[in-house]
Amino acid sequence: MVPAFYNDLALTETEAWALLARGAVDRKSPYHLMQLASLAQDTLGDAEPRLRTVVLRGVARAERRLRFHTDVRSPKVAELAACPRVQALFYDPGHKIQLRLKATAAPASETVRAEAWEKTGRLGRVCYAVTAAPSAPQPGPAAAFADEADPAVFQPMILTVTALDWLYLAGDGHRRAAFTYGPAGDLTAASWLVP
Ligand SMILES: Cc1cc2nc3c(=O)[nH]c(=O)nc-3n(C[C@H](O)[C@H](O)[C@H](O)COP(=O)(O)O)c2cc1C
């Protein structure tokens, strides 16, 4: 039995966003972690890809936006300010679905920042108690931590998705679809692609 979305573009798009929304609230979901790629410059000034894992913390389905949290001192924040174009990648081995999203990254508003900090538990806050900037060299293996986390270093980032590439591997034939979005999250195009 193929799923209802198998041959249906609109249902495929709905399924993709339902999976992402689940990923933000279910730490066991394969969509809870995303691989986030950005562009930076190497020491010679040439473009260089940068890739890292981040936790998907929030999804605004209507606006087609994703949120992740980071330390404002981490290199990615400055890199994203210089070049906000990113790609996010998810792979769900259980369902054999790959989602590749193009997006524009920006720091969240102060309201969102304050609200997200409020919801961050004690364990989550520990990451933001590290005294030196993430990625700074240190003399030994263990980082130094302050007694209290500093809320000022907590930086939620918003990814406004501009395109979604769906790939579903299936015995009956793979399915691939492309969707594009306007700045408010409105669907501007949907089409099937050769997988
Ligand atoms: C499972 C996992 C989850 C992670 N989640 C986050 C996250 O939500 N935010 C974050 O800034 N770094 C997260 N990291 C660490 C990043 O992958 C990365 O090592 C770090 O943020 C430094 O990235 P940068 O040098 O590109 O700034 C996570 C790493 C792993 C392995």
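Guide: A residue is called buried if 20 or more other C-beta atoms lie within 10 Å of its own, and exposed if 12 or fewer do. Please keep in mind that the model above is predicted.

Visitor: Which residues in the largest nonpolar core touch the most other members?

Guide: That core has 27 residues, and those that touch the most other members are Leu66, Ala88, Leu99, Ala103, Leu159, Val161 and Leu164. The elements that contribute two or more residues to this core are α1 (9–25), β1 (33–41), β4, β5 (85–92), β6 (97–107), β7 and β8 (175–181).

Visitor: Which of them gives the largest share?

Guide: The largest share comes from β7, which supplies six residues of this core.

Visitor: Can we zoom in on Leu159: what does that residue touch?

Guide: Leaving aside residues up to four places away in sequence, Leu159 touches Arg65, Leu66, Val86, Ala88, Ala103 and Ala105. For the chain as a whole, of the contacts with a separation of 6 or more, 54% are between residues 24 or more positions apart.

Visitor: New topic, the ligand. How many residues surround the ligand, and which are the closest?

Guide: The ligand is surrounded by 14 residues, of which the closest are Arg52, Val55, Thr70, Ser74 and Lys76. Sorted by kind, the residues of this shell are six nonpolar, five polar and three charged.

Visitor: Where in the chain do they come from, and which element gives the most?

Guide: At least two residues of the shell come from each of β2 (47–55), β4 (65–71) and α2 (75–82), and β2 gives the most, with five residues.

Visitor: One last thing: where is Asp147, and is that residue buried or exposed?

Guide: Asp147 sits in the loop between α4 (122–126) and β7 (154–168). Asp147 counts as exposed because the residue has 5 C-beta neighbours inside 10 Å, and a residue with 12 or fewer falls into that class.

Visitor: How far is Asp147 from Ala103?

Guide: From C-alpha to C-alpha, Asp147 and Ala103 are 36 Å apart in space, and in sequence they are 44 residues apart. Ala103 is one of the core residues that touch the most other members.

Terms used: Residues numbered from 1 in each chain as written. Predicted model: local features only at pLDDT ≥ 70, side-chain atom pairs only at ≥ 80, totals over all residues. Near = placed C-beta within 6 Å. Helix = DSSP H or I, 4+ residues; strand = E, 2+ residues; numbered from the N terminus. Nonpolar A, V, L, I, M, F, W, Y, C, P; charged D, E, K, R; others polar. Core = buried A, V, L, I, M, F, W, Y, C linked by C-beta atoms within 7 Å. Contact = placed C-beta atoms within 7 Å.
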